[in-house]
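Visitor: Hi, can you walk me through this one? I'd like to start with the pockets.

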Amino acid sequence: MTNIENDTPVDDGANIEAAEAAAPANSENDELAQLAEQVAALQQDLLYARAETQNVTRRKDKEIADAHAYAATKFARDILSVADNLGRALAALSEEQRADETIKPLITGLEATERELLSVFERNGITRIAAIGLPLDPNQHQAMLEIPSDKTPGTIVQEMQAGYMLKDRLLRPAMVGVAKAG
């Protein structure tokens with residue numbers, strides 16, 4: 001309602017009643033908005049918790065798989081020296097010794113043992129790293145010396161000790177000599 005003389009609103013109490021009726025509705029809307037925000041926050045927290053649980057499970061599964069795949073790493077490193085010594089023993093034999101009928105059975109036994117050892121390596125994912133004639137790869141080779149050569153500098157020209165991989169991991173780098181520049 002308005003005062004006709006100056007067009008100012010006249011308070012007849014109707015506006016107060018309307019405001020009081022709107023106040024509970026506004027507080028209910030505010031309360032609903034707060035509850036909706038809390039629900040959204042809790043849903044977000046739940047999603048984060050589920051994602052974290054999945055990540056932990058995935059990491060655990062990977063660690064278990066790695067433990068199974070690489071459990072024998074220490075043993076494999078230790079057994080490489082046996083393979084090296086067996087190979088050196090066979091390489092040290094001269095042609096005369098190989099032709100000698102008295103030690104021929106011993107040589108045959110050593111060769112059979114070496115073949116069996118290499119077969120066990122293969123079955124367990126242990127492979128020899130290629131070296132001679134390849135460029136030096138610091139992830140697989142360890143350069144021990146430089147050797148004057150007509151090959152491209154950095155090319156491996158001598159292998160002093162074989163390197164091995166266990167599946168996709170380096171077990172032992174190959175110790176090599178590389179071609180020297182100039």
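This is a predicted model: local features need pLDDT of at least 70, side-chain atom pairs count only at pLDDT 80 or more; totals for chains, interfaces and linings use all residues.

Guide: The largest pocket has a volume of about 310 Å³. A pocket here is an open set of points on a 1 Å grid over the protein atoms alone, where a 1.4 Å probe fits, with protein on both sides within 12 Å along at least five of seven lines; lining residues have an atom within 4 Å of a point. Points are joined across faces, edges and corners, and the volume is the space filled by probe spheres set on them. Of the 15 lining residues, Ala83, Asp84, Gly87, Arg128 and Ala162 are the closest to the centre.

Visitor: OK. Which element gives the most to the lining of the largest pocket?

Guide: H2 does, with six residues. Helix H2 (73–92), helix H4 (104–123) and strand S3 (156–161) each supply at least two. Helices (H or I, at least four residues) and strands (E, at least two) are DSSP runs, numbered from the N terminus.

Visitor: And what's the lining of the largest pocket like by class?

Guide: Eight nonpolar, two polar and five charged residues. Ala, Val, Leu, Ile, Met, Phe, Trp, Tyr, Cys and Pro count as nonpolar, Asp, Glu, Lys and Arg as charged, and the others, Gly among them, as polar.

Visitor: Back to aspartate 84: buried or exposed?

Guide: Aspartate 84 counts as buried because its relative accessibility is 13%. The cut-offs are under 20% relative accessible area for buried and over 50% for exposed, with partly exposed in between (1.4 Å probe, protein chains only).

Visitor: What is aspartate 84 in contact with?

Guide: Gln161 and Arg172, leaving aside neighbours within four places in sequence. Contact means heavy atoms within 4.5 Å. Aspartate 84 itself is in helix H2.

Visitor: What else in H2 is buried?

Guide: Besides Asp84, the buried residues of H2 are Thr73, Ala76, Ile79, Leu80, Ala83, Leu86 and Leu90. Their cover includes helix H3 (95–99), H4, strand S1 (126–128), S3, strand S4 (164–166) and strand S5 (169–172). Threonine 73, for one, has a relative accessible area of 15%, and is in contact with Leu166 and Leu171, again leaving aside neighbours within four places in sequence.

Visitor: Now the second largest pocket. What volume does it have?

Guide: About 190 Å³. Its lining includes Phe75, Ala76, Ile79, Leu117, Phe121, Leu166 and Lys167. By class, the lining has 10 nonpolar, one polar and one charged residues.

Visitor: Where does lysine 167 lie?

Guide: Lysine 167 is in the loop between S4 and S5. Phi of lysine 167 is near 55°, a positive value in a residue other than glycine. At 44% relative accessibility, lysine 167 counts as partly exposed.

Visitor: Last one, zooming out. How many helices and strands does the protein have?

Guide: Four helices and six strands, running α-α-α-α-β-β-β-β-β-β from the N terminus on. Buried residues make up 17% of the 182 residues. Among contacts between residues at least 6 apart in sequence, 56% join residues at least 24 apart.

Key:
Residues are numbered from 1 along each chain as its sequence is written. Side-chain values use heavy atoms; hydrogens and water are left out.
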